[in-house]
Amino acid sequence: MKKYKTCVYAISKNEEKFVERWYNSIKDSDYICVLDTGSTDNTVNKLKQLGVLVKEEKIDPWRFDNARNESLKLIPDDTDICICLDLDEVMQPNWKEKILSKWNDNLTRISYTYNWSLDNNNNPLISFYANKIHKNKIYKWTHPVHEILSINDEEKEEQILIDDLIIDHYPDSKKSRSSYLPLLELSVKEDPNDDRNMHYLGREYMYYGKWNQCIDTLQNHLKLKNATWKDERAASMRFIARSYKHLNKIEESLLWYKNAINEAPYLKEGYAELMILYYELNDYNNAINYGIKTLQINNKNKSYISENFSRNEYVYDILSLCFFNLGHKKIGLKFLELAIEENPNNQRLQENKKYFE
């Protein structure tokens, strides 16, 4: 049986608090390489003390794809399998055995389960499939931000999914995202037909409260010929609806939420957001209607557009308030108890129960 070699590679900047956890999760790799792009803390020293190959290099002007392409140059020539793993990420145990048991000479890429968000008990909140494990020397990174791996033109991509190969993400909430917006604007300027980054740019405008730019950009996203993934299209429609809501254009907001539901009726998010809007409008009957529809959907698809409010105690919470306001206190209490069951540590829910009773 052929022995394949692995290399974990990363870019870093001021991540000393993550180094040991990251290293301990991947220390079985044949090689470990990091391109540090300007740390002023102890990241570089910590990595070197653990035996990691580190190169320090400033990337100016900053682009994530350029940084990652420079990190690719650190990977030894005899590496077969490259694993891009940021320092705020952790490989779950037995990762190497799972990869090597499936790898062969024809494979170019592996998809795996990526837990993007976890709760305080380490239970996944948002999970989707990612694919940053790849064959050496046939890929490059493209796009200034939300960068992706692109295979060389002369190569044919062969990809498999290893569902129980899992990477957990523990993001640093204190790190700035300020570079994302200008880099996304640059990305769309460089490739105006790229539907993925057009969607990301519209979403970023929403995060910044640039409501009209969000609406215009996401409507452009929906017009692109290659914008065919219904989950992402529905997300664009929901973000347009949110923007109209903030502009106090309620009829337009209602319309776009309903568009999102029609686009992807199998997703919870559209129903849940429409429930919230009707609740805020004191239209409790419509809120109940869409809240019940949210609960009737059992889809647990792994997608980056999944949102916690449609899956946690929040839907039960809103339903309890709607029924209470309509005078159906016993039904409201039942939904409140379901909300508490989902999150027993929520003090407000506990206070509501006392009031209901």
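Let me start with a question: is Asn45 buried, partly exposed or exposed? Asn45 is partly exposed, because its relative accessible area is 43%; buried means under 20% relative accessible area, exposed over 50%, and partly exposed in between, with a 1.4 Å probe and protein chains only.

Before going on, the conditions. This is a predicted model, in which local features need pLDDT of at least 70, side-chain atom pairs count only at pLDDT 80 or more, and totals for chains, interfaces and linings use all residues. Residues are numbered from 1 along each chain as its sequence is written, and side-chain values use heavy atoms, with hydrogens and water left out.

Back to Asn45. It is found in helix 2, residues 43-49; helices (H or I, at least four residues) and strands (E, at least two) are DSSP runs, numbered from the N terminus. The Asn45 side chain makes a polar contact with the side chain of Asn42, at 3.0 Å. A polar contact is a pair of N or O atoms within 3.5 Å; within protein, one must be able to donate a hydrogen and the other to accept it, and residues adjacent in sequence count only if both atoms are side-chain atoms.

Two strands pair if DSSP finds at least two bridges between them.

Some individual pairings. Strand 1 (residues 6-12) and strand 2 (residues 31-36) are parallel, with 6 bridges; Ala10 has Val34 in strand 2 as its bridge partner. Strand 6 (residues 109-118) pairs with strand 10 in the parallel sense over 7 bridges, and Ser111 stands opposite Leu161 in strand 10. On strand 5 (residues 89-91), the pairing with strand 10 (residues 159-169) is antiparallel, with 3 bridges. There, Met91 has Ile167 as its partner in strand 10.

Next, the backbone. Most residues other than glycine have a negative phi, and most peptide bonds are trans. Asn248 has a positive phi, near 65°, and sits in the loop between helix 8 (230-246) and helix 9 (250-263). Asn282 also has a positive phi, about 65°; its place is the loop between helix 10 (268-280) and helix 11 (284-296). Asn248 counts as exposed because its relative accessibility is 61%, and Asn282 counts as exposed at 52%. A cis peptide bond, with omega about 0°, joins Asp60 and Pro61. Pro61 lies in the loop between strand 3 (53-56) and helix 3 (64-72).

Last, the cysteines. How many disulfides does the rule give? The count is 0, where a disulfide is a pair of cysteine sulfur atoms within 2.5 Å. Cys33 counts as buried, at 2% relative accessibility, and Cys322 is buried at 0%.
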